Amino acid sequence: MHKSPDEYLLYCEDVTKAYGSKVVLEDIDLAVKHKEFCTVVGPSGCGKSTLLRLILGQERISSGTMLIDGAALHQPSPDRGIVYQKYSLFPHLTILENIMAGKQLSQPLWKKFSTRKTARDEAMVYLESVQLAEHAAKYPHQLSGGMQQRVAIAQALIMHPRVLLMDEPFGALDPGTRETMQLLILEIWEKYGMTIFFVTHDLEEAVFLGTRILVISQFYIHETKPPEESHGSRIVADYKLNDNAYSTRVKQTAAFGELIQTIRYEGFNPEVKQNAHDFNLTHSDSFVTYVGEK
Amino acid sequence: MKMRISLFKGLHAEPPPWLRVALAVLPFILFLAIYLFAAEIRHQENPQDKLLPTLTKIALAVEKVAIDPDPRSGNILLWQDTAASLKRLVLGVSIASIIGFFLGLNMGLLPGIRGLSLTFLTFIANIPPLAILPILFITFGVDQLGKVMLIILGTFPLIARDIYLETSKIPTNVVVKALTLGASQFGVIYRVVMPQILPRLIDTVRLVLGAAWLFLIASEAIASQDGLGYRIFLVRRYLSMDIIIVYVLWITMLAYAFDIFLRLLVSWLFPWYSAGKKD
């Protein structure tokens, strides 16, 4: 059941990540097409943020294959942008300078002043697209959490990354701000046409935003290892989601609620353990390279 | 009923502005009063007492060292000594800051540099600087260089270690973020992290200035022809407590002024620094 790596933006086969003897991710097989909005959910400690850091190049895989555009992964670089939950902004720069940072840092130091004007104008455009133009001269600590995250998104966008990685970006925001931000990120995804990997612990958010949802969980029965032995997390469910509705009203529909219940049952309940060959991998891009004997 | 708020006592005390000023001034007044009282008693017994000079005698000493030129050299001693000492202090602390800052910054970010220098630096930092003063005097001479070297060697390990710790606290996220924004390795160190650590350097210098003064005065006391420390230890031979007191007060005021100046410099140059830290 192999897939051809060339057709996909991200291609992982048998990817394992371990810290010493502790295996976090085990046998991850994943193929993601370009322009997918891929949300990643799972119980805490399942390694969903680890998967994101692997894609980013911040950490290295322990074994397996991980390709981006058919090429092996390297150090973090401008083709993959990142928005963290915290510490995404440079505290010593104003909001405008934070957004300009990408344009300036990718230039040699001696071009800093000659490129300043164009960088400033371009940054203003992005700042306006996240509706923060009037805060250009402020420092990050003077803005609310929601505003800081909007700046962080604009800061990543200015580099036109092919992939935008988001690690619980709205995790610290209040519900109202959260919903506004969800609509904003859908708008941006539509407008700039990049692939988004979005890690969240909020199932509702994941189902609402994504075109594809990956459930990563350590709660399953391993083919070979006995239950008392610890094993790493795997993708236990993989769904194609409906095309994004640009209204938060879909969150009230029955189908929406049912899907959330199913995912919670499949991935989040330590009492419920599926066999590895019973995983609900219905997405057409989903594949598994090895499943033990029944 | 209005809640009674204590002015002074307890965890929840809220001293009003006038009381804050009064509280700050009070220890000074108390100390001065005790001193003057003791000086008065000693002078009633012996008008020639040198141990606790009265205000009049201190005023005369100020005139002698800070206003009238020295009969032998024709210079005004206090200014001559201040210029000589400050030159050594500023030179030593500046060089120590530059070495300490770049060493600490690179150690904090580059595992190779850290592996090379952390253990050695920790070892060096534990050498009592005054214990190697004879070595410095033998090696670099009893002139300027020996004294400046003592200040450098005494303060740079403190600065380097503090900057190293501060740099280590920079979240990995910041470094990775800079890389995704196209920064080179050089750019991460000197364009992203360095500007965030600079205000800390000024704070660190404020802390090590105390040690720098100690090394300065100690080296001047042992071998020198001028300088604030030299003068204090010279007039000690004649029990000139009045001049010593004038010099000590002057040194204290200089050090205090430096501290205030550096604090204002931080808030003026880096407005984001102290405000952002409170989160």
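## Ground rules

Contact here means heavy atoms within 4.5 Å. This is a predicted model, in which local features need pLDDT of at least 70 and side-chain atom pairs count only at pLDDT 80 or more, while totals for chains, interfaces and linings use all residues. Residues are numbered from 1 along each chain as its sequence is written, chains are lettered from A and ligands numbered from 1 in the order written, and side-chain values use heavy atoms, without hydrogens and water.

## The sheet and its helices

Chain A holds an open sheet of seven strands with mixed pairing, in the order β6-β7-β8-β3-β9-β11-β13. Strands are DSSP runs of E with at least two residues, helices are runs of H or I with at least four, and both are numbered from the N terminus; two strands pair if DSSP finds at least two bridges between them. β6 (80-83) and β13 (280-281) of chain A each have a single partner strand, so one side of each lacks a neighbour in the sheet.

β6(A) runs parallel to β7 (residues 163-167) of chain A over four bridges, with R80(A) opposite V163(A). Helix α1 (residues 48-56) of chain A lies across β3, β6, β7, β8 and β9 of chain A, at about 150° to β7(A). Such angles run from 0 to 180 degrees between N-to-C directions, with axes fitted to C-alpha atoms, for helices over the stretch in contact.

## Where chain A meets chain B

In this interface, 30 residues of chain A are in contact with 21 residues of chain B. The count of salt bridges (a Lys or Arg side-chain nitrogen within 4 Å of an Asp or Glu carboxyl oxygen) between chain A and chain B is zero.
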